[in-house]
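Please open the structure in a viewer and keep the sequence at hand.

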Amino acid sequence: MATIRSTAPAARADRRVTRRRRALTRASLAALLTAAVLTGCGATAPREDGARRAAGRFTAALAARDFGAACGLLAPESREQLTEDGKAPCDRALRSLELPSAGGARAVEVHGRQALLRTDDDTVFLSQFDGGWRVTAAGCVPQSDDLPYRCSLKGA
């Protein structure tokens with residue numbers, strides 16, 4: 001006589017595994033979406049604060065005439081362009097620009113990994129790098145509505 005085994009317990013076990021996988025997949029997707037919102041476009045306040053702090057450190061270094069520290073806050077391309085244009089080490093080239101060194105931040109605009117910060121006396125442009133925000137241009141003044149800013153310190 002042949003023995004017939006029931007496949008019902010195995011089928012129930014397969015359904016339980018499938019339900020668990022779906023639940024884990026939903027939880028994983030929810031976690032990924034939350035992370036994307038917090039680190040992406042939805043989290044502008046932390047990025048604005050980071051750009052504001054970086055520009056504040058830069059202008060404070062200029063005010064203290066600590067041009068070496070200010071050079072450390074420049075984006076690599078901006079530092080290279082400054083030393084090339086000034087034909088001097090970064091700190092001496094930066095000193096010669098006589099950039100505005102004081103003024104509270106009036107407004108900051110962040111667009112992706114780029115930021116523009118307006119102070120009482122200056123407009124500073126920044127970019128976000130893996131190591132944080134770096135100044136890409138400073139001593140900037142608008143020329144007109146349809147022309148770009150003219151900057152004393154600018155990147156390549």
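**A tour of the salt bridges**

The structure holds 3 salt bridges. The model is a predicted one. Side chains of opposite charge can pair when their charged atoms come close.

**First stop**

Please select Arg52 and Asp49. These residues form a salt bridge, in which the closest N and O atoms are 3.5 Å apart. Both residues belong to helix 2 (residues 44–63), where they are 3 residues apart, about one turn of the helix. Arg52 has a relative accessible area of 35% and is partly exposed. Asp49 likewise counts as partly exposed, at 35% relative accessibility.

**Second stop**

Next, select Arg106 and Asp120. Their side chains meet in a salt bridge at 4.0 Å, N to O. Arg106 is in strand 1 (residues 105–111), whereas Asp120 is in the loop between strand 2 (114–119) and strand 3 (123–129), so the pair ties together parts that are 14 residues apart in sequence. Is Arg106 buried or exposed? With 57% relative accessibility, Arg106 counts as exposed.

**Third stop**

Finally, select Arg118 and Glu109. Here the two side chains meet in a salt bridge, with a distance of 2.8 Å from N to O. Arg118 counts as partly exposed, its relative accessibility being 24%. Glu109 is also partly exposed, with a relative accessible area of 32%. Displaying the side chains of Arg118 and Glu109 together brings this salt bridge into view.

Technical notes: Residues numbered from 1 in each chain as written. Predicted model: local features only at pLDDT ≥ 70, side-chain atom pairs only at ≥ 80, totals over all residues. Heavy atoms only, no water. Helix = DSSP H or I, 4+ residues; strand = E, 2+ residues; numbered from the N terminus. Buried < 20%, exposed > 50% of the residue type's maximum accessible area, 1.4 Å probe, protein only.
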